[in-house]
Amino acid sequence: MAAAIEPIMVTRAVTQLEEVFRAHQVCVLKAAYRVTGSMADAEDVSQSVFLRLAGEAISPNRISNLQSYLRKSAVNAALDLIRSRGHREVVPIESADELQSNSNLSPERVVSSLEIQNWLRRELATLNPRAAEMFALRYLEGLDNPEIAQMMNTSQAVVAVTLHRTRARLKKHLCAFRKGAL
Amino acid sequence: MKLFRSKQDTYLDQAISELRGEKPDAEAFAASSERVWKRLQTGEGEAVATSSAQPIRGCADIRSLLPAFNRQEFPPARALIVKNHLRECVSCRSYAYGRGVDGATSVAWRMEQGARGFQWSLVRLTFAAATVALLVAAVWAGRNWYVAGPPGSRARIDSIEGQAYRIGPTGERALKEADEIGEGEFIRTGANSHARVRVFEGSQVEMNQRAELAVSASRRDTTIHLDQGSIIVQAAKRHTGHLYVRAPDCTVAVTGTVFSVNSGTKGSRVAVIEGEVHVKHAGSESILHSGDLVATTQSVGVVPIREEIGWSRDLDHEVALLAQFSKLRAKLEEIQTPGPRYESKILPLLPADTVLYIGIPNLGDALQRANRIFQQQVAQSTVLQDWWNKGGKSNQHPTPQELIDQIHAISQYLGDEVVITAWASSVSDSHGPLLLAEVRQPGLKDYLQQHLADTLRSGRSTGNLRVVDPKSLSSLAAEERGMIMLVTPKTLVVGGDAASVRQMSAQLDAGATLFAGTDFGQRIANVYSRGT
């Protein structure tokens, strides 16, 4: 009897995970892709996010806003990934295809765009982890300050100040980057 | 509100939108989703998840991955990274093959042997016993050295009117002028007698009739044990420790002040003529200032101070001094101090691991006004002039007047608040606390450098003081010690070494931190919100 119950429970858990996966996978993948800029990395991030959801004692039913939770997890895991690369610049293979397929833009424009994107990712990796998370949620995921404050269990004022300071720092570095100082 | 966005804002927004706009087509997303779902279903998960959840940062990470690598659980790309590292890194290769380079032991496919626990040997036991014995001896010797106090006598008789006696282990003997009193010996004045005693550390004690006291000392503190009677104490200024007067029912702690203690069978009275004293009695502590008097029991009652010290041979002088200090105190209380502060501009800039935060209002103006009032009073009162000159306060360098002028001049450049802070990493790296203040107007660096040059010209020591700006700070060696004052257009940072000042400078350049969001930061912010 016990042996029969176990497969039923496992199947139910897999079905539940699949439901969650199907409903939120694209959102998680997109969030991870925006930060990492690579589909392979985004897949790994996405997989680790869902594995954590399935493997740990985190039941999807116990999370009030599952989409927010998954997006936050994806952003965090993706930031961890780019942080682990340090200052090494990674050019994903798919960007080469993109370069060729994107016929509307000139090659110079595409290269410049890639440079800016890589710069911003490198900067995100060097930011304070909490500031980087707030920045990614606000500007890459498009959440507003009250939502971020609630997700990160802090006040709106702290979010606003951190974002302001982070922007100021990025502006300064971008200015130097554009002048070729970095 | 900003009506125009700067170019930098536009560039940054453009960069963000480039990042947001970059996305593969829906087919690629669908294919990725399927791949991820397959990997989740086939249980590749655990091993592959490691690749994203556990980044490889160095040899330690590679070594932790060896068991999974040997079980061939990694995808080809990840396995290639590990294989490549093992080819290049001798240390990790030796580790992987169980040769134990760098003291590491074999892992992975071999069965791990249980660690051999610590075992006592005769040599270890002897060494441990010797260490413990040495430690106990050192503690005992140190304690004895501290408790025994300095060598020599504890007090000397300056003058006697009538009879005074020494009570010691050998019995009771009459005292005369210039007699020395040792530790454990009591001095007692007879009926209608009066004595002046100089304590070895410089304090003077005037004893009324039928008073009895002894003096004991440790390396740090000096204690007058008053068994009975009235005394007036002029405590000497001291750099460390306190002078205590211990009566049967109270303890008085002071550093450089004039006060009287009257102890009897019903209780004690403590009166302050000049300065501040702390009185502990019946489990509570009172802080008394010039003109204050406290009685330890109701039956002792409160009397006017003039009556309390009426027996003193220097009554006129003491009373005049008391009157002058009372007048001075009343005038000083009228000085308007800075209003409460409701926010701090420095708080949001401190590191997240800040462990010490002391916010002091900028009292430069109040201090200057207090000094002006004090100088006026000193000029008008010969009693105060005598007291001031007797203390040698006017001869020291820099004089209090010069010091206050300097503090006032510097305070004019600073904001409403000065903050003293330290953070966990600075404490662990043996760096001292830092002083920070907002700079309100330009010219502080020039003023400080001018002042430094004047001090050097006059041949006085500057105590290794350096005034630097962010550029010249970088030229200082990290281990540079001394008072380093970093002046930036917005902030003044003062620290005891270049490394900590540089660290704080970098922190300030980075802008707002997460300190305001921590528990400690929020508690401080709450205090500000109520006004401090």
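A polar contact is a pair of N or O atoms within 3.5 Å; within protein, one atom must be able to donate a hydrogen and the other to accept it, and residues adjacent in sequence count only if both atoms are side-chain atoms. One such case is A:Arg121, whose side chain reaches the backbone oxygen of A:Arg34 at 3.3 Å. This is a predicted model, in which local features need pLDDT of at least 70 and side-chain atom pairs count only at pLDDT 80 or more, while totals for chains, interfaces and linings use all residues. Residues are numbered from 1 along each chain as its sequence is written, chains are lettered from A and ligands numbered from 1 in the order in which they are written, and side-chain values use heavy atoms, with hydrogens and water left out.

Chain A has eight helices and zero strands, where helices (H or I, at least four residues) and strands (E, at least two) are DSSP runs numbered from the N terminus. Of the 182 residues in chain A, 47% are buried; buried means under 20% relative accessible area, exposed over 50%, and partly exposed in between (1.4 Å probe, protein chains only). Among the contacts (heavy atoms within 4.5 Å) in chain A with a separation of 6 or more, 68% join residues 24 or more positions apart.

A:Arg121 belongs to helix α5 (residues 107-126) of chain A. The residue counts as buried because its relative accessibility is 7%. Leaving aside neighbours within four places in sequence, A:Arg121 is in contact with residues of both chains, including A:Tyr33, A:Ile82, B:Leu19 and B:Glu22.

The interface itself takes 46 residues from chain A and 38 residues from chain B. Together the two chains bury about 4,200 Å², 63% of it on carbon and sulfur atoms; buried area is the accessible area (1.4 Å probe) that two parts lose on being put together, summed over both. In chain B, the residues that lose the most area to chain A are B:Leu19, B:Glu22 and B:Trp37, together 17% of what that side buries. Five salt bridges are counted between the chains, each a side-chain nitrogen of Lys or Arg within 4 Å of a carboxyl oxygen of Asp or Glu. A:Arg167 forms a salt bridge with B:Asp13, with the closest N and O atoms 3.1 Å apart. Helices α1 (7-21), α2 (26-41) and α3 (45-53) of chain B each supply at least two residues of the side that touches chain A.

The largest nonpolar core has 56 residues, and A:Phe50 and A:Leu70 have the most contacts inside it. Such a core is a set of buried Ala, Val, Leu, Ile, Met, Phe, Trp, Tyr and Cys residues joined through side-chain atoms within 4.5 Å. Not counting residues up to four places away in sequence, A:Leu70 touches A:Val20, A:His24, A:Val28, A:Val49, A:Phe50 and A:Leu53. Apart from this core lies another, of 34 residues, among them B:Ile160, B:Val199, B:Val233 and B:Val252.

B:Lys176 sits in the loop between β3 (171-174) and β4 (180-181) of chain B. This lysine counts as exposed because its relative accessible area is 56%. Beyond neighbours within four places in sequence, B:Lys176 is in contact with B:Ile157 and B:Ile160.

Most residues other than glycine have a negative phi. A:Asn153, however, has a positive phi near 55° and lies between α7 (145-151) and α8 (156-178) of chain A. B:Arg210 has a positive phi of about 55°, in the loop between β7 (204-207) and β8 (212-217) of chain B.
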